[in-house]
Amino acid sequence: MTEILDGAAVAKLTNVQTAERVAQLDKPVTLAVIYDPKNDGSRLYVGMKSKKASALGIQTRDIPTDANATTQSIISLVEQLNADDTISGILVQSPLAKGVKEREVFSAVAPHKDADGLGATVQGMLFGDAPSDYTVAATPQGVMSLLKHYDIELTGKKALVIGRSQLFGRPMFALLTNADATVTLAHRYTSSETLKSYLKMADIVVVGVGIPEFIQGTDLKQGVTVIDVGMNYVDGKAVGDVDFQSVQGIADFITPVPGGVGPMTIATLLENTVTLAENYSVKNS
Ligand SMILES: Nc1nc2c(c(=O)[nH]1)N[C@@H](CN(C=O)c1ccc(C(=O)N[C@@H](CCC(=O)O)C(=O)O)cc1)CN2
């Protein structure tokens, strides 16, 4: 029997705790969100994040980049927000406009305001498994929260991460390594025969490549745990990178799309934001 890892339900539990934490603070929690208003997905996701933030008592300042925005102009905006004491956390929604160097913009966010955990400093802390307070990218951290909620054993397990983005794959690799799994990171230059062999060996598969139903049940080992990070739209419907029906009876656990990693991404972003606000208030009390 294949059990659903219910991201929507676990996100709800996280959000209740986040709302309680916000209510305990004596100053407003504000998340600044920089995004490209020309990108349909970004408008949708920023809207979802702002709506959820508001429901939890977190204010958002949504900042659309202008038509002639450059890497430097957006970095200057980030630097203003870094220095703004009314801002608890900063999120740079990906993708930014063509030609803007995202990594440079992510890394301009001050570590103590990096709500999305995408900057070089906090990602360096993650890769060094530094035992200190730093934020972790929302999607991979949300995956880890889901695995923990369902007590999925990671120690010594063979984990396959497919996709090496800065948003997901690279921090996912680091988190699973830090959790003592044996991790392989596959990507577009991994041959299909190599990918096939690793898929058949993996105890845990985490895939985020943006190809609808890229993974089929027949690719997988009996009893595998499947985490579908894919967020594709086919005929207007959200579809993951895994053929959900085809893994029934093969996987022990799977995240659905919608209702899996997506809600966890938003819940984790907002959890990160209140953590930054709490740390800031402690340091400045
Ligand atoms: N700076 C960032 N940019 C982007 C991120 C990110 O984590 N940080 N992730 C993705 C998009 N994303 C958040 O921005 C995101 C996508 C989807 C969902 C979600 O909850 N989806 C629903 C389905 C929605 C629908 O039905 O249309 C679900 O899976 O249940 C949340 C966040 C790219 N950019």
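Predicted model: local features only at pLDDT ≥ 70, side-chain atom pairs only at ≥ 80, totals over all residues.

Residues are numbered from 1 along each chain as its sequence is written, and side-chain values use heavy atoms, with hydrogens and water left out.

Let's start with a pair of helices. Two packed helices are described by the angle between their axes and the distance between the axes. Helix 6 (residues 138-149) and helix 7 (residues 169-178) have axes that cross at roughly 35° and come within 9 Å. Helices here (H or I, at least four residues) and strands (E, at least two) are DSSP runs, numbered from the N terminus. The axes are lines fitted to C-alpha atoms, for helices over the stretch in contact, with angles running from 0 to 180 degrees between N-to-C directions. On the helix 6 side, Pro140, Gln141, Val143, Met144 and Leu147 meet Pro171, Met172, Leu175 and Leu176 of helix 7 (contact means heavy atoms within 4.5 Å). Sorted by class, the contact of helix 6 with helix 7 has 8 nonpolar residues, 1 polar and no charged ones (Ala, Val, Leu, Ile, Met, Phe, Trp, Tyr, Cys and Pro count as nonpolar, Asp, Glu, Lys and Arg as charged, and the others, Gly among them, as polar).

Stay with helix 7 for a moment. Its residues Gly169, Pro171, Met172, Ala174, Leu175 and Leu176 are buried (under 20% relative accessible area, with exposed being over 50% and partly exposed in between; 1.4 Å probe, protein chains only). What do the buried residues of helix 7 pack against? Their partners are helix 5 (120-127), helix 6, strand 5 (158-162), strand 6 (182-186) and strand 7 (204-207). Just after helix 7, Asp180 takes a positive phi of about 70°.

Asn15 sits in helix 1 (residues 7-24) and counts as buried because its relative accessibility is 7%. Leaving out residues up to four places away in sequence, Asn15 touches Lys52, Leu56 and Ala267. Asn272, in helix 9 (residues 261-283), has a relative accessible area of 9%, so Asn272 is buried too.

Now for the charges. Side chains of opposite charge can pair when their charged atoms come close. The structure holds 4 salt bridges (a side-chain nitrogen of Lys or Arg within 4 Å of a carboxyl oxygen of Asp or Glu). One of them joins Glu278 and Arg21, with the closest N and O atoms 2.6 Å apart. Glu278 lies in helix 9 and Arg21 in helix 1, so this pair ties together parts that are 257 residues apart in sequence. Another salt bridge brings Arg61 and Asp84 together at 3.3 Å, N to O.

Finally, look at the surface, where Leu44, Met48, Met231 and Tyr233 form a nonpolar patch with about 370 Å² of accessible area together. Within it, Met231 is found in the loop between strand 8 (225-228) and strand 9 (232-234). Patches are made of residues with over 30% relative accessible area and no salt bridge, joining like charges within 9 Å and nonpolar side chains (Val, Leu, Ile, Met, Phe, Trp, Tyr) within 5 Å. Accessible areas come from the Shrake-Rupley method with a 1.4 Å probe, and for residues only the protein chains shown count as cover.
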